[in-house]
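Please look at the sequence and the structure below before reading on. The paragraphs after it go through the chains one at a time.

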Amino acid sequence: MTDILRILISPLVWLASFSAVYGLHGLICGHGIEGDVLGFPLQRVLMVAAYAAAILLQVMLVAGLSAQRFSSPSAFVRFVSRVTAWVGLVATVWSLLPVVTTTYCL
Amino acid sequence: MLVGASVIFGFVMVLLVLAFRKHDDAPRERLWIVKLGLVFPIAVLLALLAYGLFVGERLLPRQGADVVSVKAEGRMWAWRFSYADVEGRTTQGVLHIPAGVPVDVAVTSVDVVHSFWVPRLAGKLDAIPGHVNVLRIEADEPGTYHGRSAEFSGEGYDQFAFTVVAHDDAEWRSFLAGEIE
Amino acid sequence: MKALERHRRMTETWASDPGFKGWFSTVSHTDLGRMFLVTAFFFFLVGGILAMLIRAQLATPHSAFAGPEIYNQLFTMHGTIMMFLFAIPTFEGLAVYLLPKMLGTRDLAFPRLTAYGYWCYVFGGSMLLFSMLFGIAPDGGWFMYPPLTGPLYSPGINTDFWLIGITFVEISAIAAAAEITVSILKYRAPGMSLDKMPIFAWYALVTALMILTGFPPLILGSVLLEVERAFGLPFFQAELGGDSLLWQHLFWLFGHPEVYIIFLPAAGVISTVLPVMCRTTLLGYGWIVAAAVALAFLSFGLWVHHMFTTGIPHMGLAFFSAASTLVAVPTGVQIFAWIGTMWKGRPDLRLPMLHILGFFITFVIGGLTGVMVAVVPFDWQAHDTAFVTAHLHYVLFGGFVFPILAGLYYWLPHFTGRLRFFRLGELAFVLIFVGFHVTFLAMHWVGLLGQRRRISTYQPEDGWTVINLISSIGGFVVALGIGIVIIEVILHAVAARRSARNPWGAGSLEWAMLTPAPAYNFASLPHVTSRNPLADNPDLAVELAQGKGYLAAPSRWRETLTVEVASGKPDYHVIYPGNTRLPIVMSAVTGIFFLSLLVKFYWTVPVAVIGVAVLAWRWVWELGRKDDLPAQSIGHDVELPNTVAVDHAPGWWGSLFLLTANATFFGSLIFGFAFLWTVAPGWPPPVWFEPSAIELGLGILGGLVAVVAMRLALRANDRARSPLPMLGVAFAGTLAVAAACGLLMLRTPAPAEHAYGATLLVMGGYGLFHAALVSLMVVFLIARVSRGFTSPVRRAEFPIVVLWTDYLALVGAFTLLAAHLTGYLA
């Protein structure tokens with residue numbers, strides 16, 4: 001079962017952070033959260049922070065699943081879990097990219 | 001987009017046909033999976049995504065000085081339009097707008113989900129009970145444009161249509177003054 | 001012992017009852033897989049006839065063939081039948097039939113559950129057929145958007161048929177998915193570690209996990225909408241704090257993964273058949289596994305792309321647009337891995353290969369138009385036009401029907417033991433392929449010209465007449481092709497020449513047996529050392545029949561063994577239940593429950609619920625033993641404990657995955673609550689729930705007590721002391737949870753007047769139901785202990801109840817906190 005988890009964990013974390021950032025955007029817009037931090041709008045700062053945290057989490061997963069200590073004894077599972085770890089990282093960077101490029105709450 | 005899609009389709013088909021002629025003895029995972037399966041789609045899709053985000057950003061209904069606001073209220077199976085510029089003025093089935101000026105249509109519904117769609121002016125936007133969605137449209141030329149409801153709404157859906165009349169300056173002023181029905 | 005003698009004795013143990021009566025009591029995966037496939041194909045024909053009626057209606061403008069009232073039923077039922085009664089059951093049937101054979105074992109994990117799922121599918125499907133025959137079929141579109149399908153605008157019974165019938169059918173999907181998951185993880189031949197599994201098993205595993213997490217949102221949506229229709233609790237009515245957008249979220253949270261739930265098994269068929277057709281092995285096995293996993297997850301991040309026109313904020317759309325383009329990458333990996341496989345081997349243009357080529361051409365076009373509609377501005381124009389209809393048919397027909405036809409012709413010799421003789425299949429392929437492209441290329445075109453979906457007629461001056469006529473003619477050509485396929489399959493079954501074993505020269509285990517398959521699959525179980533055991537050892541079938549593998553000794557029980565999930569080392573010994581009518585009876589009683597709700601005959605509802613509970617009790621009770629079974633020898637000097645003695649028996653694994661689906665259901669409910677709270681108009685509610693620290697404490701503490709007491713009961717049993725006192729305490733704990741949830745339901749403020757109260761009522765009901773269920777399980781254990789069915793060795797039922805108790809404590813606490821805390825906050 002641990003091996004199955006190794007394969008599933010990174011995309012699962014992507015799904016969770018993707019939903020979380022989508023929900024955060026909904027909350028920010030629905031509740032009229034406003035303000036600014038160092039000249040940047042608070043809304044953008046919050047979302048970029050969440051984006052960065054999600055990426056950091058995925059980088060840690062890639063590192064963890066590549067490290068001897070946490071990777072599987074089976075070469076096959078090692079390979080698949082590293083590929084899915086990269087899938088999680090790329091998906092996080094890619095799908096949440098609008099956080100930095102796009103107008104919010106419109 | 002159509003050209004790009006055709007080129008990709010043609011490329012895949014050529015690879016398929018060649019499979020029947022050539023024969024690789026060495027299984028080349030790196031070529032097939034990494035280069036063709038990963039790098040190629042990622043490059044194409046990244047370009048497409050950037051384009052989509054850019055165009056989407058341009059279509060946003062931003063605040064402007066000379067935006068005309070109208071309201072579209074859908075019901076089974078008719079649209080009722082009202083105008084911010086004239087208090088109490090409503091029209092049924094015909095939306096009057098000025099040409100050459102951006103118009104924000106506030107779309108809502110009083111019964112089931114409908115969708116406001118004037119193919120030549122903009123994309124579609126749903127009318128959802130309890131929500132008001134704003135669609136930016138703009139007619140470059142005065143004239144009559146056909147509109148349809150584009151969300152299935154039961155038995156009257158087939159015939160559920162409306163028209164948009166875009167007026168030039170003079171006509172629009174007379175509409176506002178109540179001289180055009 | 002000679003192979004023939006072994007065959008005779010094994011057959012005695014494993015055979016279903018003779019004659020057609022055997023259909024009702026069979027639990028064999030071979031029988032049930034065939035029954036699933038035949039029934040699903042029947043529904044395919046029904047859905048196809050509906051498609052023909054739709055095309056007949058649209059062939060000419062002003063057609064008087066069907067008015068909107070009938071036409072709306074036609075397209076609603078076409079979509080519903082193809083999705084729920086054809087595509088998903090076809091996957092289930094194929095997996096049920098093939099998996100144990102491919103994995104080198106004798107049956108699936110829960111043979112009776114296979115049968116129960118099948119009969120639920122048949123009965124639920126019959127309800128929908130019945131509604132169609134009487135002209136009262138659902139007519140709100142297969143997506144059933146409220147408020148159109150709500151009590152105000154669809155007062156008739158039509159919509160109820162959909163909500164109740166489909167939920168009934170979903171039971172079979174969830175049952176099959178839990179079973180397939182456990183079977184793939186545990187029921188394999190010794191030595192088959194994860195990297196040696198046939199690729200189809202990987203695809204089936206991913207698909208099954210997706211069903212477990214994808215279907216619950218739909219089931220929840222259906223339950224809520226039916227409750228709104230029947231009892232007036234407003235979940236989707238904007239003026240009472242509900243929101244019709246909630247339905248769209250729940251529906252597409254299911255609906256998009258559904259597309260991949262349909263595609264992945266078909267991709268599994270291609271990955272299995274294509275290498276055999278090219279006389280080689282699959283290129284990039286590990287990459288393909290990773291791509292399937294990636295596809296499964298990404299598909300859960302796409303649901304909003306069906307809602308691009310609902311006025312969701314721009315950035316929200318951009319997230320889903322980005323994720324939607326990304327999903328093309330793992331699809332691309334698979335496509336190029338398959339083409340690479342063809343380059344690596346020497347492709348032969350045999351019939352399954354033709355259908356695979358049909359798949360490639362059609363699916364690639366569908367994928368490319370899919371990328372187009374993932375771009376938001378384009379979608380705003382194309383959405384709800386015939387363009388999207390055409391796109392989805394390219395994806396589903398190309399991505400499912402062509403591969404399934406390839407699979408049909410590939411495994412036909414396995415089903416019948418015969419080879420094709422009349423060669424009608426090539427003609428059928430040409431007709432289907434050409435007809436399909438004529439139909440749907442035309443439909444793309446007319447969609448770009450502005451023809452909307454779901455209209456029953458159009459005007460001559462629209463200028464769509466010729467294109468629609470061409471499209472309809474294409475449709476009838478497809479129908480002709482499908483007709484020829486049917487004729488060929490029938491001819492094949494009655495009048496073809498006998499086939500040798502393994503006619504395609506495949507390397508996977510399903511061909512290492514007699515065809516048609518014997519009831520027991522393998523006379524002895526192989527030891528697997530590679531991905532293509534039959535290619536390594538062409539004599540494998542004979543050796544297994546001679547009893548050179550594991551569990552070779554015929555016994556009066558139906559025996560098999562399980563393996564450790566990752567390594568494939570033998571784990572424990574399993575005895576299956578035999579033929580029984582219990583599944584069909586239980587699904588009939590389940591059907592009475594749904595039927596009572598449908599016709600609003602509420603006094604039979606509790607009767608049916610009690611009936612199901614009694615039958616379920618008997619179902620589990622029958623598995624008990626009064627004597628300790630010693631460790632069993634499986635041959636080759638290996639001894640394994642029996643299921644009764646282990647921590648994680650099949651029932652535990654089944655519960656784990658059932659609870660996964662259950663937790664998704666509960667999570668969707670919590671999501672719905674949060675969504676209404678933050679997005680729906682008409683909040684805050686007029687009255688808030690009156691919180692009570694006593695009730696909250698009672699429920700949470702009760703759950704904790706039950707959790708601890710169940711563990712102590714397990715420990716007492718293991719140490720040969722009586723577990724009864726602790727079981728009593730656990731029972732009291734579950735009653736406390738039940739009481740807290742019951743009080744929550746009683747005190748919920750005006751559930752019919754605001755979505756807040758309505759949601760609390762449903763959450764309380766969910767908690768109460770689980771408390772009742774777990775207390776029944778504890779009572780069951782008490783009965784087991786008192787009747788002498790347990791011992792320190794016979795202990796496997798304890799961990800299962802522990803698992804359910806943990807779940808109860810968790811969801812009970814969540815439910816109560818959600819209700820009471822919101823009360824405090826207000």
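Two strands are said to pair if DSSP finds at least two bridges between them. Helices (H or I, at least four residues) and strands (E, at least two) are DSSP runs, numbered from the N terminus. This is a predicted model, in which local features need pLDDT of at least 70 and side-chain atom pairs count only at pLDDT 80 or more, while totals for chains, interfaces and linings use all residues. Residues are numbered from 1 along each chain as its sequence is written, chains are lettered from A and ligands numbered from 1 in the order in which they are written, and side-chain values use heavy atoms, with hydrogens and water left out.

Begin with chain B. Strand 9 (residues 143-149) of chain B pairs in the antiparallel sense with strand 6 (residues 114-117) of chain B over two bridges. Within this pairing, Trp117(B) is found opposite Arg148(B) of strand 9. Strand 9 of chain B also pairs with strand 10 (residues 161-167) of chain B, again in the antiparallel sense, over six bridges. There Thr144(B) has Val165(B) of strand 10 opposite it.

An automatic or database domain assignment divides chain B into domain 1 (2-58) and domain 2 (68-176).

In the model, residues 45-67 of chain A are 96% helix and 0% strand, with end C-alpha atoms 33 Å apart. For residues 79-97 of chain A the figures are 89% helix, 0% strand and 27 Å.

Chain C has 25 helices and six strands. How much of chain C is buried? Buried residues (under 20% relative accessible area, with exposed over 50% and partly exposed in between, using a 1.4 Å probe and protein chains only) make up 67% of its 826 residues.

A nonpolar core is a set of buried Ala, Val, Leu, Ile, Met, Phe, Trp, Tyr and Cys residues joined through side-chain atoms within 4.5 Å. The largest one has 341 residues, and Leu99(C), Trp338(C), Ile339(C) and Phe360(C) have the most contacts inside it. Helix 8 (residues 244-277) of chain C gives the most to this core, with 22 residues. A second, separate core of 30 residues includes Val68(B), Leu135(B), Phe160(B) and Phe162(B).
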